[in-house]
Amino acid sequence: MKIIDLLGTRQPMLSFEVFPPKTSDKIDAVHTAAMEIAALKPAFMSVTYGAGGGTSAYTAALSADIQNQSGVPVLAHLTCINSTRDEVRAQMLALKEKGIENIMALRGDRVPEHHETDYHYAAELVREIAADGSFCIGGACYPETHPESDNSFDDLLHLKEKQDAGCQFFTTQMFFTNGVYYNFLYRVREAGVTVPVVAGIMPVTAAGSIKRICRISGATLPQRFCRIVDKYGYDPRKMKQAGIAYATQQIVDLFANGVNAVHVYSMNKPDVAAAILKNVSELLR
Ligand code: FAD
(Lines give C-alpha, C1' and ligand atoms only; values in the text may rest on other atoms or scores of the structure.)
Protein backbone atom coordinates (compact mmCIF):
# COMPACT_ATOMS: atom_id res chain seq x y z
CA MET A 1 0.00 0.00 0.00
CA LYS A 2 1.20 3.48 -0.83
CA ILE A 3 1.66 5.85 2.13
CA ILE A 4 0.04 8.70 0.22
CA ASP A 5 -3.21 6.68 0.06
CA LEU A 6 -3.03 6.04 3.82
CA LEU A 7 -2.48 9.75 4.48
CA GLY A 8 -5.42 10.52 2.21
CA THR A 9 -7.79 8.74 4.62
CA ARG A 10 -7.20 11.59 7.11
CA GLN A 11 -7.62 9.12 10.00
CA PRO A 12 -5.44 9.62 13.08
CA MET A 13 -2.48 7.28 12.66
CA LEU A 14 0.89 6.40 14.13
CA SER A 15 3.89 5.05 12.27
CA PHE A 16 7.01 3.61 13.88
CA GLU A 17 10.65 3.55 12.83
CA VAL A 18 13.38 0.94 13.02
CA PHE A 19 17.01 1.24 12.02
CA PRO A 20 19.27 -1.57 10.80
CA PRO A 21 22.30 -2.20 13.00
CA LYS A 22 25.77 -0.85 12.25
CA THR A 23 27.29 -4.34 12.40
CA SER A 24 25.91 -7.61 11.08
CA ASP A 25 26.16 -9.43 14.43
CA LYS A 26 23.19 -7.35 15.68
CA ILE A 27 20.90 -8.21 12.76
CA ASP A 28 18.97 -10.92 14.60
CA ALA A 29 18.25 -8.64 17.58
CA VAL A 30 17.05 -5.84 15.32
CA HIS A 31 14.93 -8.25 13.30
CA THR A 32 13.22 -9.49 16.47
CA ALA A 33 12.59 -5.93 17.70
CA ALA A 34 11.24 -4.87 14.30
CA MET A 35 8.81 -7.79 14.20
CA GLU A 36 7.59 -6.99 17.72
CA ILE A 37 6.94 -3.41 16.66
CA ALA A 38 5.19 -4.58 13.48
CA ALA A 39 2.95 -6.85 15.59
CA LEU A 40 1.53 -3.67 17.16
CA LYS A 41 0.05 -2.91 13.71
CA PRO A 42 1.04 0.71 13.21
CA ALA A 43 -0.30 2.43 10.09
CA PHE A 44 3.14 1.92 8.50
CA MET A 45 6.76 1.41 9.49
CA SER A 46 9.87 3.08 8.20
CA VAL A 47 13.25 1.38 7.93
CA THR A 48 16.21 3.75 7.86
CA TYR A 49 19.24 3.48 5.59
CA GLY A 50 22.82 3.84 6.79
CA ALA A 51 24.36 6.49 4.57
CA GLY A 52 27.47 4.91 3.09
CA GLY A 53 27.85 1.28 3.91
CA GLY A 54 27.48 -0.52 7.22
CA THR A 55 24.43 -2.72 6.86
CA SER A 56 22.63 -0.48 4.35
CA ALA A 57 21.99 -3.50 2.12
CA TYR A 58 19.96 -4.93 5.00
CA THR A 59 17.33 -2.15 4.73
CA ALA A 60 15.67 -3.87 1.78
CA ALA A 61 15.68 -7.31 3.43
CA LEU A 62 14.31 -6.02 6.74
CA SER A 63 11.68 -3.93 4.93
CA ALA A 64 10.51 -6.99 3.01
CA ASP A 65 10.39 -9.19 6.13
CA ILE A 66 8.29 -6.63 8.01
CA GLN A 67 5.87 -6.12 5.13
CA ASN A 68 5.53 -9.77 4.13
CA GLN A 69 5.31 -11.22 7.64
CA SER A 70 3.10 -8.59 9.30
CA GLY A 71 1.23 -6.96 6.43
CA VAL A 72 2.26 -3.52 7.72
CA PRO A 73 3.22 -1.27 4.76
CA VAL A 74 6.87 -0.22 4.81
CA LEU A 75 8.58 3.03 3.91
CA ALA A 76 12.18 2.14 3.04
CA HIS A 77 14.68 4.98 3.41
CA LEU A 78 17.31 5.57 0.75
CA THR A 79 20.16 8.08 0.83
CA CYS A 80 22.24 9.23 -2.14
CA ILE A 81 25.17 11.44 -1.07
CA ASN A 82 27.57 8.52 -0.65
CA SER A 83 26.36 6.56 -3.66
CA THR A 84 26.81 6.32 -7.38
CA ARG A 85 23.80 6.25 -9.69
CA ASP A 86 24.36 2.52 -10.26
CA GLU A 87 24.27 1.82 -6.52
CA VAL A 88 21.05 3.81 -6.11
CA ARG A 89 19.44 2.03 -9.06
CA ALA A 90 20.45 -1.36 -7.63
CA GLN A 91 18.81 -0.48 -4.33
CA MET A 92 15.65 0.73 -6.06
CA LEU A 93 15.51 -2.51 -8.01
CA ALA A 94 15.99 -4.58 -4.86
CA LEU A 95 13.11 -2.71 -3.17
CA LYS A 96 10.86 -3.11 -6.20
CA GLU A 97 11.58 -6.83 -6.46
CA LYS A 98 10.70 -7.23 -2.78
CA GLY A 99 7.36 -5.49 -3.23
CA ILE A 100 8.24 -2.26 -1.36
CA GLU A 101 6.12 0.58 -2.71
CA ASN A 102 7.35 3.53 -0.63
CA ILE A 103 10.75 5.23 -0.49
CA MET A 104 11.87 8.04 1.81
CA ALA A 105 14.32 9.83 -0.48
CA LEU A 106 17.17 11.48 1.41
CA ARG A 107 20.46 13.11 0.78
CA GLY A 108 22.10 11.63 3.89
CA ASP A 109 25.22 12.95 5.53
CA ARG A 110 28.57 12.52 3.86
CA VAL A 111 30.82 9.93 5.46
CA PRO A 112 34.57 10.67 5.14
CA GLU A 113 35.56 7.28 3.75
CA HIS A 114 33.25 7.67 0.70
CA HIS A 115 34.41 9.83 -2.19
CA GLU A 116 32.40 8.70 -5.17
CA THR A 117 28.93 10.18 -5.62
CA ASP A 118 26.66 11.25 -8.44
CA TYR A 119 24.43 13.35 -6.18
CA HIS A 120 24.43 16.64 -4.30
CA TYR A 121 20.92 17.00 -2.88
CA ALA A 122 17.91 14.83 -2.16
CA ALA A 123 15.86 16.48 -4.93
CA GLU A 124 18.07 14.73 -7.52
CA LEU A 125 17.24 11.36 -5.97
CA VAL A 126 13.54 12.26 -5.78
CA ARG A 127 13.55 13.11 -9.51
CA GLU A 128 15.16 9.78 -10.34
CA ILE A 129 12.70 7.74 -8.26
CA ALA A 130 9.78 9.71 -9.68
CA ALA A 131 10.98 8.95 -13.22
CA ASP A 132 10.87 5.25 -12.39
CA GLY A 133 7.19 5.68 -11.57
CA SER A 134 6.81 2.71 -9.20
CA PHE A 135 7.11 4.30 -5.78
CA CYS A 136 5.32 6.69 -3.48
CA ILE A 137 8.04 9.15 -2.44
CA GLY A 138 8.54 10.84 0.92
CA GLY A 139 11.15 13.41 1.93
CA ALA A 140 12.59 14.96 5.09
CA CYS A 141 11.83 18.44 6.37
CA TYR A 142 13.12 20.51 9.27
CA PRO A 143 10.78 22.66 11.43
CA GLU A 144 13.83 24.26 13.07
CA THR A 145 15.71 24.53 9.74
CA HIS A 146 18.28 22.05 8.44
CA PRO A 147 21.57 22.59 10.35
CA GLU A 148 23.48 23.36 7.11
CA SER A 149 21.01 25.98 5.90
CA ASP A 150 21.97 29.65 6.14
CA ASN A 151 18.34 30.62 6.70
CA SER A 152 14.89 29.11 6.96
CA PHE A 153 13.66 30.86 3.82
CA ASP A 154 16.21 29.07 1.58
CA ASP A 155 15.50 25.81 3.37
CA LEU A 156 11.81 26.13 2.45
CA LEU A 157 12.67 26.97 -1.17
CA HIS A 158 14.64 23.74 -1.33
CA LEU A 159 11.77 21.87 0.31
CA LYS A 160 9.45 23.14 -2.41
CA GLU A 161 12.00 21.90 -4.99
CA LYS A 162 11.66 18.41 -3.51
CA GLN A 163 7.88 18.60 -3.84
CA ASP A 164 8.24 19.80 -7.45
CA ALA A 165 10.64 16.91 -8.10
CA GLY A 166 8.00 14.40 -6.99
CA CYS A 167 7.87 14.17 -3.17
CA GLN A 168 4.33 13.27 -2.20
CA PHE A 169 4.69 13.85 1.54
CA PHE A 170 7.26 15.01 4.07
CA THR A 171 8.16 13.79 7.53
CA THR A 172 9.58 16.29 9.99
CA GLN A 173 12.74 16.09 11.98
CA MET A 174 11.90 15.57 15.66
CA PHE A 175 10.63 18.56 17.63
CA PHE A 176 9.84 18.88 21.33
CA THR A 177 7.46 21.85 21.28
CA ASN A 178 4.36 21.51 19.14
CA GLY A 179 4.27 25.25 18.48
CA VAL A 180 7.43 24.75 16.43
CA TYR A 181 5.52 22.36 14.15
CA TYR A 182 2.43 24.58 13.87
CA ASN A 183 4.55 27.62 12.93
CA PHE A 184 6.49 25.54 10.44
CA LEU A 185 3.31 24.24 8.82
CA TYR A 186 2.14 27.82 8.34
CA ARG A 187 5.44 28.82 6.67
CA VAL A 188 5.51 25.64 4.58
CA ARG A 189 2.07 26.39 3.14
CA GLU A 190 3.10 30.02 2.49
CA ALA A 191 6.06 28.65 0.51
CA GLY A 192 3.70 26.67 -1.72
CA VAL A 193 4.26 23.23 -0.22
CA THR A 194 0.87 21.53 -0.33
CA VAL A 195 1.64 17.85 0.38
CA PRO A 196 1.01 16.25 3.81
CA VAL A 197 3.61 16.93 6.50
CA VAL A 198 3.85 14.02 8.94
CA ALA A 199 4.87 15.14 12.45
CA GLY A 200 7.98 13.36 13.79
CA ILE A 201 7.99 12.69 17.53
CA MET A 202 10.93 11.25 19.45
CA PRO A 203 10.19 9.68 22.84
CA VAL A 204 13.34 10.43 24.82
CA THR A 205 13.78 7.51 27.17
CA ALA A 206 17.43 7.91 28.17
CA ALA A 207 19.09 11.11 29.31
CA GLY A 208 22.55 10.22 27.97
CA SER A 209 21.87 10.59 24.26
CA ILE A 210 19.59 13.60 24.16
CA LYS A 211 22.18 16.38 23.91
CA ARG A 212 23.97 14.59 21.05
CA ILE A 213 20.66 13.94 19.25
CA CYS A 214 19.74 17.61 19.49
CA ARG A 215 23.15 18.72 18.27
CA ILE A 216 22.93 16.49 15.18
CA SER A 217 19.27 17.17 14.40
CA GLY A 218 19.16 20.89 15.19
CA ALA A 219 16.13 20.33 17.45
CA THR A 220 15.93 22.50 20.56
CA LEU A 221 14.95 21.20 23.96
CA PRO A 222 12.43 23.40 25.79
CA GLN A 223 13.00 24.28 29.46
CA ARG A 224 9.97 22.17 30.34
CA PHE A 225 11.70 19.09 28.96
CA CYS A 226 15.11 20.02 30.42
CA ARG A 227 13.51 20.03 33.88
CA ILE A 228 12.33 16.47 33.30
CA VAL A 229 15.81 15.34 32.24
CA ASP A 230 17.38 17.17 35.23
CA LYS A 231 14.98 15.55 37.65
CA TYR A 232 14.69 12.00 36.27
CA GLY A 233 17.68 11.55 33.96
CA TYR A 234 19.70 9.75 36.64
CA ASP A 235 17.15 6.89 36.84
CA PRO A 236 16.53 4.96 33.58
CA ARG A 237 13.09 3.73 34.64
CA LYS A 238 11.84 7.15 35.74
CA MET A 239 13.32 8.81 32.63
CA LYS A 240 11.69 6.25 30.37
CA GLN A 241 8.26 6.77 31.92
CA ALA A 242 8.60 10.55 31.83
CA GLY A 243 9.84 10.49 28.21
CA ILE A 244 6.91 8.35 27.09
CA ALA A 245 4.47 10.63 28.94
CA TYR A 246 6.00 13.73 27.31
CA ALA A 247 5.80 12.23 23.81
CA THR A 248 2.23 11.09 24.49
CA GLN A 249 1.24 14.64 25.46
CA GLN A 250 2.71 15.95 22.23
CA ILE A 251 0.81 13.35 20.18
CA VAL A 252 -2.51 14.02 21.94
CA ASP A 253 -2.10 17.74 21.29
CA LEU A 254 -1.28 17.11 17.61
CA PHE A 255 -4.32 14.88 17.13
CA ALA A 256 -6.53 17.40 18.96
CA ASN A 257 -5.36 20.10 16.55
CA GLY A 258 -6.15 18.04 13.47
CA VAL A 259 -2.67 16.68 12.72
CA ASN A 260 -3.59 13.12 11.89
CA ALA A 261 -0.29 11.54 10.88
CA VAL A 262 2.38 11.20 13.57
CA HIS A 263 5.63 9.33 13.02
CA VAL A 264 7.27 8.01 16.19
CA TYR A 265 11.04 7.65 16.21
CA SER A 266 10.70 4.40 18.11
CA MET A 267 14.40 3.50 17.79
CA ASN A 268 14.04 -0.30 17.78
CA LYS A 269 12.25 -0.24 21.14
CA PRO A 270 9.06 -2.35 21.04
CA ASP A 271 8.21 -1.54 24.68
CA VAL A 272 8.31 2.20 24.02
CA ALA A 273 6.23 1.84 20.84
CA ALA A 274 3.70 -0.34 22.69
CA ALA A 275 3.41 2.12 25.60
CA ILE A 276 2.76 5.06 23.29
CA LEU A 277 0.24 3.11 21.25
CA LYS A 278 -1.59 2.07 24.42
CA ASN A 279 -1.68 5.67 25.67
CA VAL A 280 -3.48 6.89 22.54
CA SER A 281 -5.36 3.73 21.55
CA GLU A 282 -8.81 5.29 21.93
CA LEU A 283 -7.76 8.31 19.86
CA LEU A 284 -6.80 6.04 16.98
CA ARG A 285 -10.20 4.31 16.78
P1 FAD B 1 18.32 17.82 1.28
O2 FAD B 1 16.87 17.95 1.08
O3 FAD B 1 19.19 17.63 0.09
O4 FAD B 1 18.81 19.11 2.11
C5 FAD B 1 20.10 19.14 2.70
C6 FAD B 1 20.57 20.60 2.81
O7 FAD B 1 20.85 21.11 1.51
C8 FAD B 1 19.51 21.54 3.40
O9 FAD B 1 20.18 22.51 4.15
C10 FAD B 1 18.87 22.17 2.16
O11 FAD B 1 18.30 23.45 2.42
C12 FAD B 1 20.09 22.27 1.24
N13 FAD B 1 19.76 22.24 -0.19
C14 FAD B 1 18.88 21.43 -0.81
N15 FAD B 1 18.87 21.69 -2.15
C16 FAD B 1 19.77 22.67 -2.36
C17 FAD B 1 20.22 23.37 -3.53
N18 FAD B 1 19.74 23.10 -4.74
N19 FAD B 1 21.17 24.33 -3.37
C20 FAD B 1 21.68 24.64 -2.14
N21 FAD B 1 21.28 24.00 -1.00
C22 FAD B 1 20.35 23.04 -1.11
N23 FAD B 1 19.89 9.98 7.32
C24 FAD B 1 20.36 8.74 6.96
O25 FAD B 1 21.57 8.59 6.74
N26 FAD B 1 19.52 7.66 6.85
C27 FAD B 1 18.18 7.75 7.06
O28 FAD B 1 17.47 6.77 6.94
C29 FAD B 1 17.64 9.04 7.44
N30 FAD B 1 16.31 9.21 7.66
C31 FAD B 1 15.82 10.46 7.95
C32 FAD B 1 14.44 10.64 8.12
C33 FAD B 1 13.91 11.89 8.45
C34 FAD B 1 12.43 12.06 8.60
C35 FAD B 1 14.80 12.99 8.63
C36 FAD B 1 14.23 14.34 9.01
C37 FAD B 1 16.17 12.84 8.45
C38 FAD B 1 16.70 11.58 8.10
N39 FAD B 1 18.07 11.39 7.90
C40 FAD B 1 18.55 10.14 7.55
C41 FAD B 1 19.01 12.52 8.05
C42 FAD B 1 19.25 13.24 6.71
O43 FAD B 1 19.90 12.39 5.80
C44 FAD B 1 20.12 14.48 7.01
O45 FAD B 1 19.37 15.41 7.76
C46 FAD B 1 20.76 15.14 5.81
O47 FAD B 1 21.72 16.09 6.29
C48 FAD B 1 19.81 15.91 4.90
O49 FAD B 1 19.04 15.07 4.14
P50 FAD B 1 17.84 15.68 3.24
O51 FAD B 1 17.28 14.55 2.49
O52 FAD B 1 16.94 16.50 4.07
O53 FAD B 1 18.71 16.64 2.27
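Biologist: Why is Thr145 counted as buried?

Modeller: The relative accessibility of Thr145 is 16%, and buried means under 20% relative accessible area, with exposed over 50% and partly exposed in between (1.4 Å probe, protein chains only), so Thr145 falls in the buried class. This is a predicted model in which local features need pLDDT of at least 70 and side-chain atom pairs count only at pLDDT 80 or more, while totals for chains, interfaces and linings use all residues. Residues are numbered from 1 along each chain as its sequence is written, and side-chain values use heavy atoms, with hydrogens and water left out.

Biologist: How do you know which class Met267 belongs to, buried, partly exposed or exposed?

Modeller: Met267 has a relative accessible area of 32%, so it is called partly exposed. Met267 lies in the loop between β8 and α11 (270-279), and its phi, near 50 degrees, is again a positive value in a residue other than glycine.

Biologist: What makes Asn268 buried, and what does its side chain reach?

Modeller: Asn268 has a relative accessible area of 14%, and therefore counts as buried, although it lies in the loop between β8 and α11. The side chain of Asn268 reaches the backbone nitrogen of Phe19 at 2.8 Å, and a polar contact is a pair of N or O atoms within 3.5 Å, where within protein one must be able to donate a hydrogen and the other to accept it, and residues adjacent in sequence count only if both atoms are side-chain atoms.

Biologist: How do you know that β5 and β6 pair, and in which sense?

Modeller: Two strands pair if DSSP finds at least two bridges between them, and strand β5 (residues 136-141) and strand β6 have 4 bridges, in the parallel sense. One of the bridge partners is Thr172 in β6, which stands with Cys141. From β5 the chain passes through helix α6 (residues 152-165) to β6, and this β-α-β crossover is right-handed, a term used if, with the strands pointing away from the viewer, the path from the first strand over the helix to the second runs clockwise.

Biologist: Which way do the residues of β6 point?

Modeller: In β6 (residues 169-172), Phe169 and Thr171 point one way and Phe170 and Thr172 the other, and all are buried. In a regular strand the side chains alternate between the two faces of the sheet.

Biologist: How many bridges join β6 to β7, and how is β7 covered?

Modeller: β6 and strand β7 (residues 197-201) pair in the parallel sense over 2 bridges, with Phe170 standing opposite Val197 in β7. Together with helix α7 (residues 178-190), these two strands make a right-handed β-α-β unit. In β7, 5 of its 5 residues are buried, and on the other partner, strand β8 (residues 261-264), β7 pairs in the parallel sense over 3 bridges, with Ala199 and Val262 as bridge partners.

Biologist: Why is Gly139 called buried?

Modeller: Gly139 is at 0% relative accessibility, so it counts as buried, and its place is in strand β5.

Biologist: Which residues are closest to the ligand?

Modeller: There are 22 residues surrounding the ligand, and the closest are Tyr49, Asp109, Tyr142, Asp155 and Lys162, where a residue is near a molecule or strand if one of its heavy atoms lies within 4 Å of it. A polar side-chain atom of Asp155 lies 2.6 Å from an oxygen atom of the ligand, while a nitrogen atom of the ligand is 2.7 Å from a polar backbone atom of Tyr49. The largest share of the shell, 4 residues, comes from α6.
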